[in-house]
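Please look over the sequence and the structure shown below before reading on. The report that comes after them describes selected parts of the fold in words and in one table.

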Amino acid sequence: MYIKSIQIDNYGAIEKLSLDLPFNEDGTPKPMILVGKNGSGKTLLTSSIVDSLIEIKRSNFQSIAEAKERSYYKAGKKDYIKQGENYSYIRVIYENVDDNKKRVVYNDVASYSAIETRDLLQHYNINLAHDFNDHGFSKTIEGESKNIFTHNAILYFPVNRYYNPAWLVEDYDPRIEIIENFLGKNTDNFIKINAIKEIESWILDVILDSELYERKIIPVQPFILADGQYIAFPGTLTIPKEGKNTKIQVLINQVLTTILKSKIPNLVSARFGISSKDVGRKISVIIKEHDSTEEKSISPTFSHMSSGEAMLVALFCSIIKKFDSVSGVNNFDLNQIKGIVIIDEVDLNLHIGYAKNAVPELLKLFSKVQFIITSHSPFFLLGMKDTFGSNYQIVSTPGGEIIDETDFEELQTAYSIFVERFEDIKENLSILENELYNSTKTLVITEGKTDWKHLKTALSSFQNIGEFTDLDVVFHEYEDASFSDDKLNNFLINIAQVSNNKKIIGIFDRDEGNGKKYSRNKINELGNNVYAITIPQPEHRSYHDGICIEFMYKDEDLFRENESGRRLYVSSQFNDNGRLIQDIQVGVQNHNKIRGKNNLKNDNIVDSEVINIEGESLAMSKNDYANAILGQEEKFKDLDFSAFRELFSTLIEVINK
C-alpha cells in the first residue's frame, strides 16, 4: 500500500496543492522531498498524512497507541482555514498495488458554513460525517483498509525524535515491560519519538537471540599431539544455523556500514557486537578497514556514537524492525521491505557529510519503501541527485511545484564553495588528530602560520633565562594558511562539542572579528577543556585599535633588515598616495592597500608590493620575518620579547584552571 495522491485546499499556508506521488516504471515508489521556508506548510502536509494513517489504523483496531479513545492526533480547528475562504479540505488517496490497485481514501473537511461546503465539494462524492452540518467537521475513511498496518512498515519520525519531553517518566526497562494484548488492541505506536532507546534494546535482543538460539553444536573429533602421538579426544564445534535473527543482523550491519562509510573512507565493513559485562552488556560498534587484518571497536557502547550516527541507525533499523514484526517472513532483504516512512527534517543534527552521502545511500537500500521527507539541507538535496539521478522528486511548499534538476546549479556551487573553502586544512586536521590524542600536553593553536613561530621562539628565550620553565605546551606547527581568524574559531567551537582529556587553547590576533570579540575577556572558556584567548595589547602599542602579532615587537625590532636589506613596513609610514613618507622614491604599488590605514590607530603590516624607483622589491614577507626569528638568524638575535610575558602568564592561568 502506497500513497497515490494528496490534495489540500485552503489549509493554513497552503491555498491549493495537488500532488501525484512519483513511481518508477516497475511500480516501486520514488522518494519525495518536501522543501520550503519555515511556515510554508511542510509540517501541515506531513501531519495530514500522519493523521490519515492514524484514522486508517483506528478503523481497524478498537484501541491504538497513537491516539487515546476518540481523541484525534490532529485537532480540527477552523482557524486553519485560509483567511477569506469558507472551508479547508484534505484528501489522501492510498492504493494497494498488490490487490488490484484497490484504493483507500481519507477526507478531512472543516467548514464555517457546512451546507455551502457540501455544495462546493459535491463532485468529490465525499461521505461526510452525519453530524457535519452541526459543527462543520468531518474525517472519513473510504475503501478497504484492513491489511495496511499488518503487511507494511508504517513509520513517522517527527522532529522531536531525539528526545522525549522532560516531564515523561521513563524509569523502566523496555525489554522487561509487560504489555497486555487482546483482540482489537494495537500497542505499537508508529510515531517514533524515542527511536534511539527503542532500537538499541531491539538490536541487543537480535544479537543475543542469534547467539543463544541460532547456533548449531555438532560433535567433532579433534586430536592433540602428545609424546609424538596424535591422541583423539571428544569435542564440539558451534556453527551458525542462519536463523531469522542471524539474517536480521546482516541487514542491521548493512545499514551501519552504509552510515560509517561517510566517515571512514577505507571501511570494509561494520557490525554491532556486545560490549563487556563491565559496561552492562550493551551493543558496541566494531569495524574492519582495508589497511588492517583485524577488527577494532570504535564505540564501546551505543551511546558512544554521535547523536547523528545513532539516529540514522535508529531511523533505518526501525524500518527493519517494523517489517519483521508485521510481515511474518523469516528471510527477507532490505529491497523486499514495503511500507510508508515519513521523516520530518531528515538532516536534523546531521553533519553535512552524512546528509549528502549517507542518507541518500540509506534511502536507496529500501527500494520498495515510500519515503516522504522534509529537509532544509542543500547538501542532502545534492546528495539525492548524485545517488538517485532523476528517480526521486522534490516538491516545494506551499504550492506543490516540482523542482527541476537544473535548479541544482546553485546547490552545486554552494557545496563546492563550502567544501573547497576548507580544503586547505584537511591535511592539517589529520596532523592535529595526532597532536590531540598522542600527547597529554596542552595544545596551542595560533591564528596564523607565523604566530606559532614567534611564540615558540619567545617562550624558548624566556625559559633560557629561567622564566616559564613549567609552561609545557605543544604548538601546532603548520606552514599553510589553515587557520585564519574564522577558521580557527570554527575549529575550536566544533572541537568543544566533544570531550577532550587535555587543554586546547586557540590564540587569536586582535585585528579581526573573532579576535576582537575574544579580546573583551582575558580567558574565554568554550567548553570541554577548549579555550580562546588573544594576544595582549602591549604598552608601546596602546594607541592601536587591534594589533597582529608582529606589533608585539618594538619598532627597533619590527623594522630589522635581513641580509638582503629587506624589512617589514607598516601602513602609517606611507602617505595617501602610497609613497613612503621618509623617502618618496619608495612606494606601494597598489596604494589602495594602505588607504584608510595610514594612521597609527589602524596601522597594519605591509609585507609586499613595496618597491623603489627602479622597481626593485624592498619588502620582507611576514613569513620570512618569522622564519628569521625562529631560525635565530644573525640579524634577528637578541630581540625584546618582553611584551609576550603577559601572554605566557595567561597560558599558565588557563592550564591551571
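**Basis and overall make-up**

This is a predicted model, in which local features need pLDDT of at least 70 and side-chain atom pairs count only at pLDDT 80 or more, whereas totals for chains, interfaces and linings use all residues. Residues are numbered from 1 along each chain as its sequence is written, and side-chain values use heavy atoms, with hydrogens and water left out.

The protein has 17 helices and 30 strands, where helices (H or I, at least four residues) and strands (E, at least two) are DSSP runs numbered from the N terminus. Of the 657 residues in the protein, 48% are buried; here buried means under 20% relative accessible area, exposed means over 50%, and partly exposed lies in between, with a 1.4 Å probe and protein chains only. Among contacts between residues at least 6 apart in sequence, 67% join residues at least 24 apart, a contact being heavy atoms within 4.5 Å.

Two strands are said to pair if DSSP finds at least two bridges between them. Strands of a sheet pair through backbone hydrogen bonds, either parallel or antiparallel.

Strands β19 and β20 run antiparallel and are joined by 2 bridges, with I402 in β20 as the bridge partner of V395. These two strands form a hairpin with 4 residues between them, and G400 in the turn has a positive phi of about 80°.

In a regular strand the side chains alternate between the two faces of the sheet.

**Two crossing helices**

Two packed helices are described by the angle between their axes and the distance between the axes. Helix α12 (residues 451-464) and helix α17 (residues 645-655) have axes that come within 11 Å and cross at roughly 90°, the axes being lines fitted to C-alpha atoms over the stretch in contact, with angles from 0 to 180 degrees between N-to-C directions. The two helices are therefore roughly perpendicular to each other, a term for angles of 65 to 115 degrees. In this contact, L455, A458, L459 and F462 of α12 meet R645, L647 and F648 of α17. The residues of the contact divide into 6 nonpolar, no polar and 1 charged.

**Salt bridges**

A search of the whole structure finds 22 salt bridges, each defined as a side-chain nitrogen of Lys or Arg within 4 Å of a carboxyl oxygen of Asp or Glu. The table gives three of them.

| Pair | Closest N and O atoms |
|---|---|
| K441 and D472 | 3.3 Å |
| K456 and E477 | 2.7 Å |
| K522 and E653 | 2.8 Å |

K522 lies in the loop between α14 (513-518) and β24 (524-527) and E653 in helix α17, so this pair ties together parts that are 131 residues apart in sequence. K522 is exposed, with a relative accessible area of 52%, whereas E653 is partly exposed at 35%. K456 is partly exposed at 35%, and E477 is likewise partly exposed, with a relative accessible area of 36%. Apart from the pairs in the table, K4, E95 and R103 are linked in a network of salt bridges.

**Two single residues**

N96 lies in strand β5 (residues 87-96) and counts as buried, at 17% relative accessibility. Leaving aside residues up to four places away in sequence, N96 touches M1, K101 and K102.

I274 is found in strand β14 (residues 267-274) and counts as partly exposed, at 32% relative accessibility. The C-alpha atoms of I274 and L208 are separated by 8.5 Å, while the two residues are 66 residues apart along the chain.

Technical notes
Parallel < 35°, antiparallel > 145°, perpendicular 65-115°, else oblique. Nonpolar A, V, L, I, M, F, W, Y, C, P; charged D, E, K, R; others polar.
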